[in-house]
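Open your viewer and keep the sequence panel beside it. We will go from the whole fold to single side chains.

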Amino acid sequence: MLTSTSNRDHVAFKKLLRGTVAAAICASVAAWGMSAPASAQAPGKIPELASTSFAWLSVGADWRDPPAGLRGPIKPDPDHRYHGNLDGPGQVTLRLGNYKDPVLKPWAAAQMKASNDEAISGKRAVPFAAQARCYPGGVPGQLLYPAEPFYFIQKPQQVWMIWQRDQMVRRVFLTDKHSEKVKPSWFGESIGHYENGDTLVIDTIGLSTENSYIDNFRTPHTTKLHVVERIKLAADGKGLEALVKVDDPDTFNETLYMVQRWRKVDNPLHETVCAENNGDIFNQNLFPMPEAKKFDF
């Protein structure tokens, strides 16, 4: 039986990466990732996702539309035009989600409206964003982390996804069955397999709900959230695309589909710490960062 150990993995891996140890681990990652086929259950060609010399950098921090005919992601509130960093010249505005989208159950719409109202009223100058306030992004929200890259480690029984920011680790078990009981956690329990020599398919359940959203518009979910990601390597090896399927019968009236893309960048693994010099220095009533209640040692 598998165990959801995302939080323990994060803490343990972060300790290992302190200071100059990160460089040594990068070298071992390469040897580890290339020493064997990445899936014992899927013989044949495996997509080369792991390296110490390159990483994957997201192309934007918002979901793209899926292929025609599929229900897409939550959009910005039509009453408050959104202008993002990648939208050309102009003042960047706050992300306010469309709480009136008919796909939302009433409780989810009300929660999103309350979050929007906080920002509109000025009560909180910047709404919650996991990457800005040092929280894990959850699944699938973690795929939207911008500005800093993420990496893969591929082993016969597991695939690790490691984000440079705080060295957050998500583990995918290469098996075809979830545990009988899964305790909710930040990244839940992910199982996966390879398809067609170019695609990693990930199935995730057991996701916690506190400060966890499927996007940067703060669209919530319940513990019934079920996420399937199809992460495909581009034919030229220079890009990745994920088609993400989201089901949650207690939050959404139908299945959502979203797309995210990354480009390959030359970037060895560095250590970055979100909480350093990241306080509310302008008194904007920012969402508080997570703090440990006791020392690690």
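**The whole chain**

Colour by secondary structure and follow the sequence: the pattern reads α-α-β-α-β-β-β-β-β-β-β-β. That makes three helices and nine strands. Helices (H or I, at least four residues) and strands (E, at least two) are DSSP runs, numbered from the N terminus.

This is a predicted model, where local features need pLDDT of at least 70, side-chain atom pairs count only at pLDDT 80 or more, and totals for chains, interfaces and linings use all residues. Residues are numbered from 1 along each chain as its sequence is written, and side-chain values use heavy atoms, with hydrogens and water left out.

Show the surface. The protein exposes about 14,800 Å², by the Shrake-Rupley method with a 1.4 Å probe. Carbon and sulfur atoms supply 54% of that area. Of the 297 residues, 51% are buried (under 20% relative accessible area, 1.4 Å probe, protein chains only).

**Aromatic rings**

Now select Phe, Tyr and Trp. The structure holds nine aromatic pairs (ring centres within 6.5 Å, using the six-membered ring of Trp; planes over 60 degrees apart count as edge-to-face).

Zoom in on Tyr-82 and Phe-217. They pair edge-to-face, 6.1 Å centre to centre, with 80° between the planes. Tyr-82 sits in the loop between strand S1 (54–58) and helix H3 (106–121). Phe-217 sits in the loop between strand S6 (199–205) and strand S7 (226–233), 135 residues apart from Tyr-82. Both residues are buried.

Next, select Phe-150, Phe-152, Trp-163, Phe-187 and Trp-262. They form one aromatic cluster.

**Last stop**

What lies over the face of Phe-54? Lys-264 does, at 4.2 Å from the ring centre.

Definitions and conventions
Buried means under 20% relative accessible area, exposed over 50%, partly exposed in between (1.4 Å probe, protein chains only). Rings of Phe, Tyr and Trp (its six-membered ring) pair if their centres lie within 6.5 Å; planes under 30 degrees apart count as stacked, over 60 as edge-to-face and the rest as tilted. A charge sits over a ring if NZ of Lys or CZ of Arg is within 6 Å of the ring centre and within 35 degrees of the ring normal.
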